[in-house]
Amino acid sequence: MRPRLVLLLLPLLAVAACKRQDMYTQDRSQTWDRNAFFANGTSMRHPVAGTVARVAPNPPAAAPATIDAALLARGQERFGIFCTPCHGRAGNGEGMIVQRGFTHPPSFVEGKLRQAKTQVFYDAITNGYGAMYSFADRLSPADRWAVIAYIRALQLSQNADVASLPAEDRAQLEASARQEAAK
Amino acid sequence: MLRLYLLAGAGGLLAVGLLLFGLSHSNYVGNVGIAPAQPVPFSHKHHSGELGIDCRNCHQQVEALATAGLPPTHTCMTCHSEIWAGSPMLAPVRDSLANNEPLHWTRVNRLPDYAYFNHSIHVTKGVGCSSCHGAMNEEQLTYAAQSFKMEFCLSCHRAPENFVRPQNEIWNMQWKPPADQATVGAALVKDYHIAGPERLSDCSICHR
């Protein structure tokens, strides 16, 4: 009888036969893989020193000829992602990271930077400025112009007088002011 | 007697089969909910949840490319050149910049090499990060919210109207389908021009 007990071990054979099919990991590198073959241990490569690009990856773009709502919306979004942590939503330099101890940046909406030429902003984004690092790797030239257009809108909005508003907006503003006063 | 043993053997085989099936489908084997060791204990809860930093500050390719990307050291240093600049916890980041050596993050989410995935189409067609990664802005250390079984992908590809959201909710990590998702979802599927379930469950979409 004893040897028949061995039959009970048969299921174990099934386990032994379970091996992950090898197509799970194939002989190719993926973007974020480690790679022992290269000295820096990653499969992503820097171009060899002295490489001349056939097509420049991030060609400079001229300032847009017209500023429309779509450009401003794009600028607002990118400004929110990359600039507000330090420069604040309103562009006054009171961002969250500044509150945690980062160098206080100058305000966009008053003082020197209100009068500054557009190139000053473009250069700061592209090359960094003082304590601020470059954002060239995270903002394409076209996006840099969009962000600058939005900064100009911030500067205008926080220094506009009521008379310059379209009738509809002025009515809304005056209504809310009346409500405020009634409280 | 022999028959009894054979029966027991067959029963055992079935049990082991079920066990293996259970295991391979369990979250334990898929590493779900388990944060692997990382060179720096980076916290999404801290950076995105509390400081409010947008996902795209660090994963800026996610709307345009197949891969969401992991941030280069330079990105961390835009803030950590001054914030916690002497913290021993951040020493690997400073060394990485000084020596021009990338940080080696341990990958958390991983599909088998025979499956193809693309972030940009999901993000631009109404599928938010949290549908697949959970509430990242609450994760102290990064872990996988799920194991990305084929049935998970198909559960949405067969009925995207149950999951798609408006564009301004993509970055909302706490999004839940509203009560009227049935009508809203169907309208969004139209707006985004999302293909029908036959096309979206075609094998060649994900196995190219």
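Biologist: What should I know about the model before we start?

Modeller: In this predicted model, local features need pLDDT of at least 70 and side-chain atom pairs count only at pLDDT 80 or more, while totals for chains, interfaces and linings use all residues. Residues are numbered from 1 along each chain as its sequence is written, chains are lettered from A and ligands numbered from 1 in the order in which they are written, and side-chain values use heavy atoms, with hydrogens and water left out.

Biologist: Why is A:Thr84 called buried?

Modeller: Buried means under 20% relative accessible area, exposed means over 50%, and partly exposed is in between (1.4 Å probe, protein chains only). A:Thr84 has a relative accessible area of 12%, so this residue counts as buried. A:Thr84 sits in helix H4 (residues 84–87) of chain A, where a helix is a DSSP run of H or I with at least four residues, a strand is a run of E with at least two, and both are numbered from the N terminus.

Biologist: Which residues does A:Thr84 touch, not counting those up to four places away in sequence?

Modeller: They are A:Phe79, A:Arg89, A:Gly95 and A:Met96; contact means heavy atoms within 4.5 Å.

Biologist: How many helices and strands does chain B have?

Modeller: Chain B has 11 helices and zero strands. Buried residues make up 32% of its 208 residues.

Biologist: What makes H4(B) mostly covered?

Modeller: Seven of the eight residues of H4(B) are buried, among them B:Cys76, B:Met77 and B:His80. The cover includes helix H5 (96–99) of chain A, together with helix H2 (44–50), helix H3 (55–58) and H5 of chain B.

Biologist: How is chain B divided into domains?

Modeller: Chain B has domain 1 (44–70 + 107–206) and domain 2 (71–104), with bounds from an automatic or database domain assignment. The C-alpha centres of these two domains lie 29 Å apart. Six residues of domain 1 of chain B are in contact with four residues of domain 2 of chain B.

Biologist: Which residues are closest to the centre of the second largest pocket?

Modeller: Of the 33 residues that line the second largest pocket, the closest to its centre are A:Trp32, A:Met44, B:Leu70, B:Pro72 and B:Pro102. The elements giving two or more residues to this lining are helix H4 (73–80) and helix H5 (91–99) of chain B. On a 1 Å grid over the protein atoms alone, a pocket is an open set of points where a 1.4 Å probe fits, with protein on both sides within 12 Å along at least five of seven lines, and lining residues have an atom within 4 Å of a point.
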